[in-house]
Amino acid sequence: MESGFGSDFGGSSGGKLDPGLIMEQVKVQIAVANAQELLQRMTDKCFRKCIGKPGGSLDNSEQKCIAMCMDRYMDAWNTVSRAYNSRLQRERANM
């Protein structure tokens with residue numbers, strides 16, 4: 001039964017799907033989705049925190065607030081990501 005996914009996932013392997021290639025593509029799609037979610041959440045939170053009256057441009061204090069908010073958000077994200085990855089590695093090692 002030909003699924004029609006050969007051109008998207010399996011390349012030219014005669015209609016057979018390459019599970020390794022599919023997993024890599026899924027990982028890339030998940031990473032892109034995570035990056036998009038991070039950017040959206042950071043934008044929403046920092047906008048609510050820093051922008052009092054939306055207008056045509058940002059004043060100096062709003063620009064500084066946005067920059068600092070985004071820096072703090074990214075620092076927190078990176079800290080949580082490192083802790084999460086470390087925990088996953090420990091759990092894999094204990095299996």
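E24 and K27 stand 3 residues apart in helix α2, which spans residues 19–50, so about one helical turn separates the two. In this predicted model, their side chains meet in a salt bridge, with an N to O distance of 3.8 Å. E24 has a relative accessibility of 45% and therefore counts as partly exposed, and K27, at 48%, likewise counts as partly exposed.

A further pair in helix α2 is formed by E37 and R41, which lie 4 residues apart, or about one turn of the helix. The side chains of E37 and R41 meet in a salt bridge at 2.7 Å, taken from N to O. E37 is partly exposed, its relative accessible area being 36%, while R41 counts as partly exposed at 44% relative accessibility. Side chains of opposite charge can pair when their charged atoms come close.

The side chains of R87 and E91 meet in a salt bridge with an N to O distance of 3.1 Å. For E91 the relative accessible area is 39%, so this residue is partly exposed. Across the whole structure, the search finds 3 salt bridges.

## The nonpolar core

The largest nonpolar core consists of 9 residues, namely L38, M42, C46, C50, I51, C65, I66, C69 and Y73. Helices α2 and α3 each supply at least two residues of this core. In soluble globular proteins, nonpolar side chains tend to be buried together.

Y73, a member of this core, touches L38, R41, M42 and K45, when residues up to four places away in sequence are not counted. Among these contacts of Y73, L38 and M42 belong to the core as well, whereas R41 is the residue whose side chain meets that of E37 in a salt bridge.

## Confidence of the model

The mean pLDDT of the protein is 86, and 84% of its residues reach 70 or more. Over residues 1–7, however, the pLDDT is below 50, and this stretch has 6 contacts in the model beyond near neighbours in sequence. Those 6 contacts belong to a stretch with pLDDT below 50, and they are reported here with that confidence value stated alongside them.

Key. Residues numbered from 1 in each chain as written. Predicted model: local features only at pLDDT ≥ 70, side-chain atom pairs only at ≥ 80, totals over all residues. Heavy atoms only, no water. Salt bridge = Lys/Arg side-chain N within 4 Å of Asp/Glu carboxyl O. Buried < 20%, exposed > 50% of the residue type's maximum accessible area, 1.4 Å probe, protein only. pLDDT = per-residue confidence, 0-100. Contact = heavy atoms within 4.5 Å. Core = buried A, V, L, I, M, F, W, Y, C linked by side-chain atoms within 4.5 Å.
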